Amino acid sequence: MSGKVLLIDDEPELVAAVEIRLKANGYDVDFAYDGQAGLEKIKVNKPDLILLDIVMPKIDGYEVCKRLKTDPEAKDIPIIIFSASQRKGFEDRYRALGVNNFIFKPFDSKELLDMIKKVIAKG
Amino acid sequence: MKKKINPRAKKIVKNKNRMVPVVQVENLLKRAMHDLEKAREISDAGEGASLAGPSGELEAKIKERTLELSVLYEFSNAVAYTLDYHQLIKLVMESLFKIVEHDICVALLCNENIASVTIKPSYAESVKFTEEVKNAIIDSAAMLTGEDIRGKHLSSFLIPSSSAVQPKEDSEFDKIRSSFNVPFIVQAKTVGLINVSSCRESAFSEEDIKLISTIINQASTAIERMRAVITAEKSKMESMVEGMAEGVIMLDEDDEIVVINPRAEDILGFGPKEAATSGMLREKFHTLGLDKAFEECKTAKHLITKEINIANDGAAVVRCDITAVKNSAGEAIGIVAILRDITKEKEVDKMKSEFISTVSHELRTPLTTMREFISIIADEIPGKLSKEQRDYIEIIRGNIDRLSRLINDLLDISKIEAGKIELKRSFITLSNLIKDVVATLKPKAVAKHIELKTSFQAFLPRVYVDADRIVQVFTNLIENAIKFTPQNGKVIVKMINKENEIECSVSDTGAGIAPENLGKVFSRFQQFGRVAGGGAKGTGLGLAITRELVHMHKGRIRVESELGHGTTFIFTLPKDTIESLVKKLIHDRIEEAKKLNAKLSVLTLSIIDFNGVKRQLENQKLKFILLDIERVIRYALRRPTDTVLRDDGEIFVILEECNKDGVLIVKKKLEQAITDYLKREDLAEVIKLQINALTYPDEAQSEEELFVKARTSQRGGNDVRESIIN
């Protein structure tokens, strides 16, 4: 399975690890360390999937989601929320935006790969 | 026979400012009775004297005097302990009625802000004079005291006349012809007035006037005493309340501000230099919504707590605890409100939440990076590994996971302690929940050849709990059991339906726990009796968390164990009656509805003449029919958020976010579904159902109201929301 994945997370080392994992599974990987840079990357090169961290400086994950979902060019790109927060109920506001995929850190790599495959396949 | 009137009797009437000594009155009475007896003896003894003439007159006079004295005696007794103005006036008027012939009596009592007028007509016909005497007394009082009586907050009371009493025949009830006022004087000041009026000319003799005055004097003394007591109590309270760190506001039954301490004024934004007038305070109450809360608390069963935001210099959050003071009849006679500035507390609370979530995020992030790189190496993506390297990598991975679990548990327990865990309750069938947990943990048991089974009755009542948390409890207990049981052992999960609670237990055939360790089992970071090769190391927090979760559900947990004979953990979950469950559920849903500004609807379906139906059908059959009906209803409902609860022949359906129109649609659907079912099963003649529908907040404003009204089967005939199915 292949596709273009955009990683937006402010932890460079974690990004490096996930990049290695995804590349080993045949994905094209691009990344950004903050929301602003991420949004710019999307404009230049539209990804098939966005793996999005929530707690980030400048623009946080929720804001990125909002902007993407209101942008006609970008609203169809599937998003997986990548979060260390396990607080119940925080998912609600993302679901309200139409984002329904969540993976919690620390994650199981098999789980992550399965989810990415499923979400890209759904389109 | 000449009889001297006791000279002491004269003295008593003269001492207008002293309360009639009760003992003296008592003695007078005794003597009067004695004299009367004597007079009778004499006339009985004959000597030809008749009861007419001087001795007859004397007897009549003595009788009258006796009556007057006994009324005075009763009055002074009754008034000795009165602390209630209304009661006092009532006593005064009743006493006057007994000893002075009059057609209508009216009393007025006033203080700086309030004037209260009490009217007692002697006969039903006297009522027509009410307005006249009321106005007259107000004018008289105004003249006498020089105060603007009409400018005060005026309240009137009418003491109904006794319908048994008929006016004397010779009275012409057309207009008031005699009227007499007596003032209530307390400490040289006129605080009120009493007036007796009659349609007869010159109705009141000097004797009458003296009697009235005596009573009024006693009453005035009583008022003086009452005021002294009230003032003493008030200043006691004021000095107590003056220095309090909390703001205190007290209102009386007329909503007048009785007490407001400096702290309360400060909190409300009135500095020490400004004198807050009653008017300014009332306005503040209104702006902050406190006046509404004051009204609410009068009819509330418990105290009301309100958090308000006050912007003085800076935003403050103030917590107001408001409760009504009730008399023995349950009527509100006052309101007490305690104000606390909780701005700091709220900030600390916010910091706690933020700390917990920051820490969790900060700890998990490096863990995630570590885990993923280890995983990448373990999967040999950068290159092949030697056996040794693989082993070491596995050890690292295992420890990272252990750290991860520890962080989760720590976070859980600190959230529980900070009170940050909120149970998200729903109705679940416990047996299904347990079956799911067992299925998840089966592989672990199988790996150790441990038999993992369940033992419970099939039909267990549904419980209202936080499903995820109860899963956590069972997972913890069963995982522990598996860990601490050697190969080929047994783990059994039991569930017993007791009268008021459900008892669950997890037992194993492990090594057991030594008696000296039993008490420490639920403490943190305690681990003992581990069986070698028992799987991943625990965090030592699992049972501590489990216990907290059980307690949060108002259950109990304990452990029973014998060394060498295995261990059993037993916990209970309280069982509510369907009624209290429904009320709890409605309450929670109403809270949610309030937050979302949504509506909530409740449907009750009840089997008409359920007892009759019970007699007709066999027990077992009826049981199944009821279950079927419940199933039919569940099937007909679309949304998972709709809840169905059954109690014998009554079924409650709670529909979230459902307005009046919505609930009528659902009602029709259910009617149809049930009618079809009954026809199919040939039960149409035997079972008839009635459905009521109710919506919050349109038709009911509280869970109590919603519950009660939804159940009432007697509703108006033209109520379209009610229907009968058969």
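**Exercise 1. Find where B:Arg371 lies, and decide whether B:Arg371 is buried or exposed.**

Step 1: Look along chain B for helix 10, residues 343-378; B:Arg371 lies in this helix. Helices here are DSSP runs of H or I with at least four residues, numbered from the N terminus. This is a predicted model, in which local features need pLDDT of at least 70 and side-chain atom pairs count only at pLDDT 80 or more, while totals for chains, interfaces and linings use all residues. Residues are numbered from 1 along each chain as its sequence is written, chains are lettered from A and ligands numbered from 1 in the order in which they are written, and side-chain values use heavy atoms, leaving out hydrogens and water.

Step 2: Buried means under 20% relative accessible area, exposed over 50%, and partly exposed in between (1.4 Å probe, protein chains only). B:Arg371 has 13%, so B:Arg371 is buried.

**Exercise 2. Which residues does B:Arg371 touch, leaving out those up to four places away in sequence?**

Step 1: From chain A you get A:Pro106, A:Phe107 and A:Asp108; from chain B, B:Ile400 and B:Asp401.

Step 2: Now zoom in on A:Phe107. Its backbone oxygen lies 3.2 Å from a polar atom of the B:Arg371 side chain. A polar contact is a pair of N or O atoms within 3.5 Å; within protein, one must be able to donate a hydrogen and the other to accept it, and residues adjacent in sequence count only if both atoms are side-chain atoms.

**Exercise 3. Describe the interface of chain A and chain B.**

Step 1: Count the residues: 19 of chain A are in contact with 18 of chain B.

Step 2: Turn to area. The two chains bury about 1700 Å² between them, 61% of it on carbon and sulfur atoms. Buried area is the accessible area (1.4 Å probe) that two parts lose on being put together, summed over both.

Step 3: Six residue pairs are in polar contact across the interface, both residues at pLDDT 80 or more.

Step 4: Look for salt bridges (a side-chain nitrogen of Lys or Arg within 4 Å of a carboxyl oxygen of Asp or Glu). The count is two between these chains. B:Glu372 and A:Arg21 meet in a salt bridge at 2.9 Å, N to O.

Step 5: Helix 1 of chain A (residues 12-24) gives the most to the side of chain A that touches chain B, with eight residues.

Definitions and conventions:
Helix = DSSP H or I, 4+ residues; strand = E, 2+ residues; numbered from the N terminus. Contact = heavy atoms within 4.5 Å.
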